[in-house]
Protein chains: 2
Amino acid sequence: MVNLAKVVDFIHELYGTKDFVPLSVPKFVGNEKKYLEDCIDTTFVSSVGKFVDRFEEKMAEYAGAKKAVVCVSGTNALHISLMLCGVERNDEVLTQALTFVATCNALSYIGAYPVFIDVDKSTMGLSPDSMKEWLRKNSVIRNGECYNKNTGRRVKACVPMHTFGHPVRIDELVQVCAEYHLELVEDAAESIGSKYKGQHAGTFGKVGAISFNGNKTITTGGGGMILFQDEELGKLAKHITTQAKVPHRWEFVHDQIGYNYRMPNINAAIGCAQLECLDEFIKSKRKIAKEYADFFKKVDGIDFFEEPEGCFSNYWLNVVILKDKSAQLEFLEYTNDNGVMTRPIWELMTRLPMFKNCENDGLRNTIWFADRVVNIPSSVRL
Amino acid sequence: MVNLAKVVDFIHELYGTKDFVPLSVPKFVGNEKKYLEDCIDTTFVSSVGKFVDRFEEKMAEYAGAKKAVVCVSGTNALHISLMLCGVERNDEVLTQALTFVATCNALSYIGAYPVFIDVDKSTMGLSPDSMKEWLRKNSVIRNGECYNKNTGRRVKACVPMHTFGHPVRIDELVQVCAEYHLELVEDAAESIGSKYKGQHAGTFGKVGAISFNGNKTITTGGGGMILFQDEELGKLAKHITTQAKVPHRWEFVHDQIGYNYRMPNINAAIGCAQLECLDEFIKSKRKIAKEYADFFKKVDGIDFFEEPEGCFSNYWLNVVILKDKSAQLEFLEYTNDNGVMTRPIWELMTRLPMFKNCENDGLRNTIWFADRVVNIPSSVRL
């Protein structure tokens with residue numbers, strides 16, 4: 001029997017409070033107010049403005065991407081990413097059941113179907129081995145395209161998710177995608193600042209999508225960013241996310257179905273201020289993770305999940321692994337009843353009504369994690 | 001030959017400047033900075049926060065709606081509105097070719113098709129007479145649903161747009177919709193504060209969508225609002241626009257395909273401040289319109305478009321009617337070359353590549369307006 005009181009005490013001490021400890025709240029210690037005032041004073045609050053441009057440039061530079069395009073949310077960034085990779089209605093896309101629902105919603109907006117592949121024990125993210133195994137058994141290549149032998153549908157892309165900021169084995173996924181003619185779209189919603197072998201998450205696939213929701217490592221209130229290695233594709237994303245308007249001095253001509261997915265300048269202003277603090281935030285988050293790791297080494301029955309080998313994780317949300325489902329529930333109840341906010345991993349996609357009939361590969365590790373993972377407080381501490 | 005120099009001088013004088021006069025820029029003279037600071041200080045910048053709730057309540061109260069739900073843009077507000085009215089893939093929707101592209105884009109996201117009906121000379125908005133005429137000739141009612149005899153597709157809804165803030169003959173449209181079993185979705189993007197026979201635009205149909213883009217009468221940077229007369233439908237909208245998450249202390253369960261269309265608290269904060277100033281803004285806009293009306297009465301060859309009878313218009317963008325296409329072009333060139341921003345009406349939807357094959361009724365008045373309308377500076381002047 002784990003001493004949960006000890007855990008709760010440790011977390012209160014870690015955050016230097018006896019009050020309620022939230023899971024992940026934003027920190028504003030930089031130029032946020034100054035930049036917001038600038039927006040109001042210049043009246044540039046909307047879709048055009050210097051902070052939009054600056055945020056895109058700084059983010060591309062930070063991540064080492066050729067181009068970055070702001071979006072109104074991570075979900076919508078992913079939606080556009082999938083469209084730009086040629087995912088169409090009735091296509092199938094390989095992804096995780098262990099993810100936030102946004103990954104699969106974005107697919108649904110296009111009319112595509114997820115196929116759920118198991119995750120690795122070491123990363124909590126899409127397993128290259130499981131993916132290869134599923135493709136070997138279930139797919140066939142025709143005219144340079146991959147098809148699901150069971151459904152007859154085209155398998156167009158693969159969307160791994162860097163779960164809680166921990167990078168997946170992305171270089172191996174790149175190889176499997178190349179072998180099976182799949183586009184690689186990285187759901188990097190949670191992994192700003194995370195690196196795999198020194199390279200920023202979201203820059204391995206054709207496109208990567210980042211989220212700046214309020215609970216993320218840095219926030220813009222709500223928002224997202226698409227990362228591109230192909231500058232032309234990035235320009236097309238900008239066009240499509242800004243209603244596909246053709247530039248003209250006064251005419252209002254639009255050359256394709258466009259989206260109003262522009263991040264307003266006022267949100268980009270916060271983004272610029274937050275990005276200036278990102279490295280400091282990640283340093284703080286990694287220090288917290290280290291303290292958790294040291295603490296849980298001394299606690300029987302609870303393992304702290306550490307970054308995969310060769311990876312630099314932002315430790316967006318810290319993870320403990322309980323010994324089974326009943327221990328997980330006990331942990332959730334005790335901590336939430338005693339002033340420490342915790343939560344289980346998202347309900348598996350295969351258990352939600354809208355995705356329960358989608359194909360999956362058995363999901364052995366996925367189910368193992370679902371029964372054991374709990375997220376514990378992870379806010380930046382300065 | 002119109003004396004365009006006189007027009008340009010008048011507009012410079014109207015706005016008390018010899019510098020460039022923009023078309024429509026926001027005005028921040030209220031609590032914007034104070035409310036933004038409050039967001040930063042409390043760290044409530046994201047999708048949950050008091051300004052989101054307050055903005056929805058105040059907006060419902062202002063418009064006389066049972067419920068109002070914030071959205072990330074007017075386009076997305078319209079998208080959700082159409083979904084909630086049961087518009088499905090391959091349905092047809094009656095609307096205007098004389099509109100901003102967002103109206104038709106929102107339809108396209110669902111996979112529905114616009115059918116373009118002519119507008120009234122008196123309103124620039126969807127004509128009840130033309131609509132009735134088209135339905136009489138082209139539709140058939142089967143099992144309480146309306147079908148297009150030519151295409152065999154179901155005609156599910158009608159989306160009138162209150163062009164530039166001038167209300168359409170909405171009570172007659174309500175009747176035609178009832179007769180033909182069509183849902184009425186009001187595109188009230190441009191018409192906050194506008195009234196038809198004393199009732200706020202956007203509250204006549206099942207749902208109405210408002211926009212708070214940067215160029216609108218009031219702004220949130222980017223954003224929109226859906227107005228409901230049916231509170232339960234409003235609650236469903238809130239659920240769908242917030243990722244369809246089922247409330248629970250810690251579980252992450254979602255019961256349908258949801259959207260991340262939440263307006264962040266930081267944007268709603270600006271919205272609250274702006275809404276406090278709305279009546280004053282509209283008073284200013286109507287005064288400007290009156291001055292334009294008086295001025296253009298003395299100018300040969302240019303008519304100023306005044307609010308339809310029985311209507312109270314916000315005069316979002318002021319409109320002049322030139323005598324033909326060449327006069328329109330001459331006006332656009334002269335004004336834009338001489339420090340006064342003007343623009344023609346949007347390119348007709350029937351002339352855009354993605355909608356050019358959609359059915360239309362001939363669009364006599366629509367084309368007449370397209371060749372003659374120019375928008376002239378309309379910013380609030382305090």
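**Notes on the predicted model**

1. C146(A), in β5(A), is the bridge partner of I141(A). Strand β4 (residues 139–142) of chain A pairs with β5(A) in the antiparallel sense, over four bridges. The two strands make a hairpin with two residues between them. In its turn, N143(A) has a positive phi of about 50 degrees.

2. What does C146(A) pair with in β6(A)? Its bridge partner there is V155(A). β5(A) and strand β6 (residues 154–159) of chain A are antiparallel, with two bridges. This hairpin has five residues between the strands, and G152(A) takes a positive phi near 80 degrees in it.

3. In a regular strand the side chains alternate between the two faces of the sheet. Strand β5 (residues 145–148) of chain A has C146(A) and N148(A) on a covered face. E145(A) and Y147(A) are on the uncovered face.

4. Two non-glycine residues with positive phi deserve a look. Q243(A) is not a glycine, yet has a positive phi of about 65 degrees. Its place is in the loop between α8 (231–241) and α9 (265–297) of chain A. Is Q243(A) buried or exposed? Q243(A) counts as buried because 22 C-beta neighbours lie inside 10 Å.

5. The other is N90(B), with a positive phi of about 75 degrees although it is not a glycine. N90(B) sits in the loop between α4 and β2 (92–96) of chain B. With 13 other C-beta atoms within 10 Å, N90(B) is partly exposed.

6. α4(B) is mostly covered, eleven of its eleven residues being buried. Among them are G74(B), N76(B), H79(B) and S81(B), along with L78(B), L82(B), M83(B) and L84(B). Just after α4(B), G86(B) takes a positive phi of about 85 degrees.

7. Which residues have the most contacts inside the largest nonpolar core? They are I226(A) and I226(B), in a core of 244 residues. Leaving aside residues up to four places away in sequence, I226(B) touches A68(B), V69(B), C71(B), A77(B), I80(B), S81(B), V207(B), A209(B) and A237(B).

8. Chain B has an open sheet of three strands in the order β9-β8-β13, with antiparallel pairing. β9 (199–200) and β13 (311–312) of chain B stand at the edges with a single partner strand each, so one side of each has no neighbour in the sheet. Strand β8 (residues 195–196) of chain B is joined to β9(B) by two bridges. In β9(B), H200(B) is the bridge partner of K195(B).

9. An open sheet of four strands in chain B has the order β12-β14-β16-β15, again with antiparallel pairing. Here β12 (302–304) and β15 of chain B are the edge strands; each has a single partner strand, so one side of each is left without a neighbour in the sheet. β15(B) and strand β16 (residues 373–376) of chain B pair over two bridges in the antiparallel sense. V374(B), in β16(B), is the bridge partner of P344(B). α9(B) packs on this sheet and touches β12 and β14 (318–322) of chain B. The direction of α9(B) makes about 150 degrees with that of β12(B).

10. Chain B is superposed on chain A by a rotation of 180 degrees with 0.0 Å of shift along its axis, at an RMSD of 0.0 Å. That is the relation of a two-fold axis. The same surface serves both copies, since 100% of the contact residues of chain B recur in chain A.

11. How many residues does each chain give to the contact? Chain B gives 52 residues and chain A gives 52 residues. On the side of chain B that touches chain A, the elements that each supply at least two residues are α2 (32–42), α4 (74–84), α5 (102–110), α9 (265–297), α10 (325–337) and β15 (343–344). The largest share of that side, five residues, comes from α2(B). By type, the residues of that side of chain B divide into 22 nonpolar, 21 polar and nine charged.

How values were computed: Residues are numbered from 1 along each chain as its sequence is written. Chains are lettered from A and ligands numbered from 1 in the order in which they are written. This is a predicted model: local features need pLDDT of at least 70, side-chain atom pairs count only at pLDDT 80 or more; totals for chains, interfaces and linings use all residues. Copies are superposed by least squares on the C-alpha atoms of residues with pLDDT of at least 70 in both. Two residues are in contact if their C-beta atoms, placed from the backbone, lie within 7 Å. Ala, Val, Leu, Ile, Met, Phe, Trp, Tyr, Cys and Pro count as nonpolar, Asp, Glu, Lys and Arg as charged, and the others, Gly among them, as polar. A residue is buried if 20 or more other C-beta atoms lie within 10 Å of its own, exposed if 12 or fewer, and partly exposed in between; C-beta atoms are placed from the backbone. A nonpolar core is a set of buried Ala, Val, Leu, Ile, Met, Phe, Trp, Tyr and Cys residues joined through C-beta atoms within 7 Å. Two strands pair if DSSP finds at least two bridges between them. Axes are lines fitted to C-alpha atoms, for helices over the stretch in contact, and angles run from 0 to 180 degrees between N-to-C directions.
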